[in-house]
Amino acid sequence: MSLWSRILAALERLAPGERLVTLFDRLRGPPERSVAFTIAVIALGAKMAKADGRVTRDEVAAFREVFTIRPTEMENAARVFDLARTDVAGFEEYAARIKAMFADDSDTLRDLMEGLFHIAMADGEYHPAEDDFLARVADIFNVPDREFRSLRARFAGTEPDCYEVLGVTPDTPMEDIRTAWRIAVRESHPDRLMARGLPEEAVKMAEKRLVAVNRAWENIQAGTA
């Protein structure tokens, strides 16, 4: 059964009038991780798409960049998006339920934040309202401020700060910077993400992260950061 078929099956378990947010109380077992991750990114992305007061084609199209969605499966993805967008529940309730769902996996919550940053930048602009939205979600997820700044540096900076990408400062000893780089490389390895049961799309995002952290380390080494 494909990922999107499993997502459809999860949606069909909703009772008439039941809100999408209730799914996050059910999708907690390892077999459901990829379904839960995908629904979480789309649902919070739908909430964020309204943060700057509009939903653009670019923001909607960003889901097709983050997720491999076949034309025959677009209806299911659109259904998740619309259920979240029209739900009276605020994004903070969604974030809190998602946090509880992945309570034992802070790495996955960071991966989810990465997907949201990708969607936020789909229209080429990082709106202040989107920054407020993402900062609040990161706070609910207990993502350290250092990691949040690292994500923002990679996605929203015209010229990413190499030190922030690695979560360090120019005053950090070089050996400690090397250690931060090695940890970032290890956490970005595709095998590590697949072992956590995340979808292929999360692995692709990690590959892009790996490129960014390696470039940051190379620039710091070369003294060009």
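**Exercise 1. Describe the overall make-up of the chain.**

Let's start with the elements: the chain holds 12 helices and 0 strands, taken as DSSP runs (H or I, at least four residues, for helices; E, at least two, for strands) numbered from the N terminus. This is a predicted model, where local features need pLDDT of at least 70, side-chain atom pairs count only at pLDDT 80 or more, and totals for chains, interfaces and linings use all residues. Residues are numbered from 1 along each chain as its sequence is written, and side-chain values use heavy atoms, with hydrogens and water left out.

Next comes burial: 49% of the 225 residues count as buried, meaning under 20% relative accessible area with a 1.4 Å probe, protein chains only.

**Exercise 2. Work out how H6 and H7 are oriented, and what their contact consists of.**

Step one: H6 (residues 106–120) and H7 (residues 128–140) pack at about 175°, with axes 11 Å apart; axes are lines fitted to C-alpha atoms over the stretch in contact, and angles run from 0 to 180 degrees between N-to-C directions.

Step two: the pair is therefore roughly antiparallel, the term for angles over 145 degrees, while under 35 counts as roughly parallel.

Step three: Met113, Leu116, Phe117 and Ala120 of H6 touch Glu130, Leu134, Val137 and Ala138 of H7, where contact means heavy atoms within 4.5 Å. These residues divide into 7 nonpolar, no polar and 1 charged.

Note on methods:
Buried < 20%, exposed > 50% of the residue type's maximum accessible area, 1.4 Å probe, protein only. Parallel < 35°, antiparallel > 145°, perpendicular 65-115°, else oblique. Nonpolar A, V, L, I, M, F, W, Y, C, P; charged D, E, K, R; others polar.
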